[in-house]
Amino acid sequence: MAKEKNVERITNMEDDFAQWYTDICRQAELVEYASVKGFTILRPYGYAIWENIQRLMDAEFKKTGHENVAMPVLIPESLLKKEGELVNGFAPEVAWVTMGGSEELEERLAFRPTSETMFCDHWSSILQTYRQLPMLYNQWCSVIRWEKTTRPFLRSREFWWQEGHTIHETAEEAIAETEQQLNCYADFCRDVLAIPVVKGRKTDKEKFAGAEATYTIEAMMKDHKALQSATSHYFGDKFSRAYDVTFTGRDNTTQYPFQTSWGSTTRLIGAVIMTHGDNNGLVLPPRVAPIQVVIVPIAAHKPGVLEKAGELRDRLAAAGIRVKLEDSDQSPGWKFAQYEMKGVPLRLEIGPKDMEADQCVLVRRNDGEKLPTALAELESAVQTQLDTVHEMMYQKALENLQEHTYEAYSIEEAKQLQAEKGGFIKTMWCGDLECELKMKEEGGMSSRCMPLEQEHLSDVCPICGKKAKYSIIWGVAY
RNA sequence: CCGGGUGUGGCGAAGUUUGGUAUCGCGCUUGACUGGGGGUCAAGAGGCCGUGGGUUCAAGUCCCGCCACUCGGACCA
């Protein structure tokens with residue numbers, strides 16, 4: 001048997017899922033801990049995934065007319081305090097700047113935990129007429145929240161994200177924007193990350209501080225826990241009023257615009273890891289994989305092998321595929337294991353035997369299938385396999401989601417299902433906070449969302465027995 | 001923030017019970033042979049033992065404080 005080297009340090013996900021996750025983050029060279037507690041460094045390979053997410057998602061935002069801006073990283077305390085709920089929601093986790101050089105500042109400045117206030121402040125100075133509306137802004141940046149417990153990608157004191165902020169003339173338009181962006185996220189997860197999600201609305205308890213409504217997409221990880229993967233908020237005119245953002249309407253009266261915000265973060269990378277990864281390491285969806293095909297030459301010293309491998313690399317690169325020729329002098333077996341750890345969707349093996357037959361061998365990361373492929377049709381075969389891998393990954397994740405979603409008709413049943421199987425538990429709900437708290441306390445689950453696709457499971461809330469208003473999903477969340 | 005665990009070359013560990021001047025594997029460097037699942041051999045480089053204090057002739061080892069990471073919980077998106 002071959003000796004195990006690097007991978008021996010990866011914990012099996014069945015033994016300890018949390019440790020498996022941490023091992024992958026480090027072994028696949030995605031992140032490293034910084035010397036500031038709770039902060040992480042995104043290493044080149046991890047950042048490359050984020051760059052692909054940014055590039056593809058940003059293109060979607062642009063299609064619907066959004067423009068990117070850059071706001072200051074610091075927010076004056078007085079400005080942050082103008083909207084009460086937002087302040088209360090974020091107060092425990094705001095970091096402050098109190099010194100400028102050696103001078104104490106007259107007013108302390110908050111590192112942005114989110115930028116609603118900055119956008120509102122800006123709009124209050126530039127908005128004059130309904131003709132300027134809507135304003136559809138987005139920014140890619142990092143924010144700081146002083147979290148107590150941190151984990152790579154899932155929760156850290158600084159994280160990278162995009163935050164969209166828009167204002168509209170009417171409530172209807174703003175609500176439509178909120179829905180559009182939620183759908184944008186859900187489609188992105190499906191089409192780019194191969195992650196199925198449940199779209200829904202948050203309960204009052206779980207919604208964003210200051211929002212009128214918060215919409216969410218919830219994904220299920222391989223350990224059957226829930227991960228909130230993006231959110232979209234409708235604010236009504238609450239912030240507009242708090243920050244005195246006004247415009248002159250069509251009827252020549254002063255009006256407050258209606259506002260939305262929506263965000264997704266590097267947490268999406270955590271979702272990718274826990275949705276697709278296996279005991280050999282990362283499994284990356286082809287559309288965001290920094291390397292889509294790794295070429296491993298076999299017997300590279302034999303005449304013509306490296307030249308042929310280089311030729312194949314050039315052909316694939318010319319076809320727009322992200323390809324890497326692994327021509328180091330490591331053994332082929334080492335390379336196989338290494339690029340499996342890094343989740344590269346396709347491996348291309350080329351050696352003397354292949355060259356005689358004018359073929360190469362493609363190997364899929366997700367299922368290990370080896371596919372002898374004629375060199376003549378390499379580009380199309382690779383493209384087809386990349387699409388196949390994406391589709392297979394999505395289907396597998398969808399099965400996981402569906403097979404671990406259960407219906408419950410009593411709190412005992414919900415409790416038992418969660419304890420024995422985990423996953424999403426669907427019930428009806430009366431809408432009362434007490435029942436939500438009871439489910440948390442007794443069942444150990446928080447509400448994930450009230451799905452947009454509402455179902456009628458029964459007439460009553462299984463927790464209190466009163467008339468049910470909504471169907472709702474419960475789960476243990478990250 | 002509460003509770004458990006862990007900090008020893010880049011990584012993983014042994015050594016701590018019984019104090020005596022740091023060991024092993026991997027990785028790294030150089031060279032040769034190899035090459036279709038983590039190859040072989042040879043010669044090398046690399047360590048203020050997380051940190052601050054204390055006890056002692058002597059501390060990786062004993063005592064006290066602190067810090068970081070990690071697992072679980074609470075809090076939180």
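I began with burial in chain A of this predicted model, and I found that 42% of its 478 residues count as buried.

I then looked up the overall dimensions, and noted that the C-alpha trace spans about 80 × 55 × 50 Å along its principal axes. For the secondary structure of chain A I wrote down 14 helices and 23 strands. The radius of gyration is 25 Å, close to the 23 Å that the globule rule gives for 478 residues, so I recorded chain A as being as compact as a globular protein of that length.

Next I turned to contacts in chain A between residues at least 6 apart in sequence, and 68% of these join residues at least 24 apart.

Which residues of α9 are buried? I found A309, L312, R313 and L316. They lie on the same side of α9, because they cover an arc of only 105° around the axis. On the face turned away from that buried side I found the exposed residues E307, D314 and A318.

Looking for what covers the buried residues of α9, I noted several elements, including the strands β15 (293-297) and β17 (346-350) and the helix α12 (378-403). Last, I checked the stretch just after α9, where G320 takes a positive phi of about 85°.

How values were computed:
Residues are numbered from 1 along each chain as its sequence is written. Chains are lettered from A and ligands numbered from 1 in the order in which they are written. This is a predicted model: local features need pLDDT of at least 70, side-chain atom pairs count only at pLDDT 80 or more; totals for chains, interfaces and linings use all residues. A residue is buried if 20 or more other C-beta atoms lie within 10 Å of its own, exposed if 12 or fewer, and partly exposed in between; C-beta atoms are placed from the backbone. Helices (H or I, at least four residues) and strands (E, at least two) are DSSP runs, numbered from the N terminus. The arc is that of the directions from the helix axis to the C-beta atoms. Two residues are in contact if their C-beta atoms, placed from the backbone, lie within 7 Å. The radius of gyration is taken over C-alpha atoms; the globule rule is 2.2 Å times the number of residues to the power 0.38.
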